[in-house]
Amino acid sequence: MKNFTYQRAESSESAINLIAGNAGAKFLGGGTNLVDLMRENIEQPDALVDVTRLSSEIEETADGGIRIGAAAKNTAVANHQLIRQRFPVLSQAILFGASGQIRNMATAGGNLLQRTRCYYFYDEAAKCNKRAPDSGCEAIGGFNRIHAILGTSDSCIATHPSDMCVALAALDAKILVEGANGKREIAFNDFHKLPENTPNIETDLKDGELITAIEIPKTDFAKNSLYRKVRDRASYAFALVSVAAIVETENDLIKNVRIALGGVAHKPWRATDAENFLTEKTATEENFRSATEAELKAAKGFGHNDFKIELAKRTIVSALKELAENGGGK
Amino acid sequence: MSENGTVSLNLQINGEKHDLQIEPRVSLLDALREFIGLTGTKKGCNQGACGACTVLVDGERINSCFALAVQYEGREITTIEGLATGDELHALQAAFIEHDGFQCGYCTPGQICSAVGMFNEFQNNLPSAVSAKMTGDYEFSDEEIKERMSGNLCRCGAYVGIVDAIHEAFDAEAKR
């Protein structure tokens, strides 16, 4: 690992000032991804600004939602009483990710900025448009069992690795950021990018902008929600396919439904086609299946990962069935 | 930061203060092993996959390989060397011996520190991926222990003994 300078920020203003104008500087959270990437020489910052001592507060907002300080540890988010009660899908998604040790280190803000675990991205000897723009993509035509089936491009078929983000996509969260030009909010589903021909650009963050908090709006029907993850081991493995789902039914009619998928795309994939199909329809397995057909119509396999298309459909159906049986909170 | 790229910092480990002059890139794991001489904490994969480097920070378990030592100034760090009281082993250390919770022993310091942290989390009512509900009252079952300990690998395959040792050390205290 290349050496670097280290500074600890005591406030978001000082963090932003410390990094301003230094293209080689990065914010450091728990380090569970960045330190690993630095050890592999994939990331080579010459300055780190530690933001783990900034706000980690988790509090109720005036409108009955939740605000999570970016430095909150994953464990603290998963174990927060209001989140467990009102947004169980978020607690579950976090608890289905990583290990106990990593969840105690990793911050909410850092989780949003995790980078793909594509083997070719991690291997300096391989061609990768994300790591070295315009060098090519060896995952296409290579070993791509863990790769994306939705929203891919000729440049990149990597997936976003986070579980937490899949739940946040379903919950319509907002990301609060702060930079030299002031504060702004980013809708969750605009935060992460599809690869197109610039897979090296992964988020909407501008140079030097700091994530300060995540806000989840009040969503009463999110009580009836769950996270279902399919992976190669029973625990501590990235998702092949995962589903964050929220369902509210009334007399067997679907009033509200949210579905987001993990392990299938370059970003947490909000399944709006499936949601639109299901709204105001009866909560039957047949309708659930039809909704998945609508959502996965555009899916494309790359050989080793073809199985993910059917797996995604079945995982969505099983999650929706369970939530519909729970009564949808009514 | 000095001209040779090092920083001075003070780490509090097992109740003792240690002054260090190290580069910011030195991990907490390397600081413990190479600079302080506490070699009980083990380096396995050095990428967060195996858990051999697990230590406790303010009572919470972390992977010291991912931790930059410089980030942990002012925190109370506990390693495997800090669990016993004098010559008296921690209850979990004794239980590991009793139940053959290891063969080669390389993963053992990480397993033990991890289990101590895991039990704190359980007592703090943290749910897990196998907890049936998010509302609390979890059973200290084999299933819960296996899930909560999945960040620690044992290549000898002593898992059955490890789970038994954890039960023996903590069952009486585990809230039902």
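**Strands and their neighbours in chain A**

Modeller: Start with a pair of residues: Glu178(A) sits across from Lys183(A), which belongs to E7(A). This is a predicted model, so take what follows as a reading of the prediction. The turn between E6(A) and E7(A) is a hairpin of two residues.

E6(A) has another partner as well: strand E8 (residues 210–216) of chain A, again antiparallel, through five bridges. If you want a landmark for that pairing, look at Lys174(A), whose bridge partner in E8(A) is Glu215(A). As background, strands of a sheet pair through backbone hydrogen bonds, in a parallel or an antiparallel way.

Now move along chain A to an open sheet of four strands, ordered E9-E10-E11-E12 and paired antiparallel. Its edges are strand E9 (225–230) and strand E12 (269–270) of chain A, each of which pairs on one side only. E9(A) is joined to strand E10 (residues 241–250) of chain A by six bridges, and the two run antiparallel. Within that pairing, Arg228(A) has Val243(A) of E10(A) as its bridge partner.

What packs on this sheet? Helix H5 (residues 88–95) of chain A does, touching E9 and E10 of chain A. The direction of H5(A) makes about 20° with that of E9(A). H13(A) lies across E9, E10 and strand E11 (253–262) of chain A, and runs at about 35° to E10(A).

Helix H12 (residues 285–296) of chain A comes within 9 Å of H13(A), axis to axis, and the two cross at roughly 140°. The crossing of H12(A) and H13(A) is right-handed. On the H12(A) side, the contact uses Glu285(A), Phe288(A), Arg289(A), Thr292(A) and Leu296(A). The H13(A) residues they meet include Ile309(A), Ala312(A), Lys313(A) and Ile316(A). Sorted by class, this contact of H12(A) with H13(A) holds seven nonpolar, one polar and four charged residues.

Follow H13 (307–325) of chain A to its end and you reach Asn326(A), in the segment after the helix. Is Asn326(A) buried, exposed or partly exposed? It has 15 C-beta neighbours inside 10 Å, so it counts as partly exposed; buried would take 20 or more, and exposed 12 or fewer. Asn326(A) is also 324 residues along the chain from Lys2(A), and their C-alpha atoms are separated by 53 Å.

For context, look over at chain B. There, 32 residues are in contact with 26 residues of chain A. Strand E4 (60–63), helix H3 (108–123) and helix H4 (142–148) of chain B each give at least two residues to that side. By class, the chain B side has 13 nonpolar, 12 polar and seven charged residues.

Of its 16 residues, 14 are buried, so H3(B) is largely enclosed by the rest of the structure. Its length checks out too: at 1.5 Å a residue the helix should span 22 Å, and its end C-alpha atoms are 22 Å apart, which agrees. Just after H3(B), Asn125(B) takes a positive phi of about 70°.

Conventions:
Residues are numbered from 1 along each chain as its sequence is written. Chains are lettered from A and ligands numbered from 1 in the order in which they are written. This is a predicted model: local features need pLDDT of at least 70, side-chain atom pairs count only at pLDDT 80 or more; totals for chains, interfaces and linings use all residues. Two residues are in contact if their C-beta atoms, placed from the backbone, lie within 7 Å. Ala, Val, Leu, Ile, Met, Phe, Trp, Tyr, Cys and Pro count as nonpolar, Asp, Glu, Lys and Arg as charged, and the others, Gly among them, as polar. The expected span of a helix is 1.5 Å times one less than its number of residues. Axes are lines fitted to C-alpha atoms, for helices over the stretch in contact, and angles run from 0 to 180 degrees between N-to-C directions. A crossing is left-handed if the near helix is turned anticlockwise from the far one by less than a right angle, and right-handed if clockwise. Two strands pair if DSSP finds at least two bridges between them.
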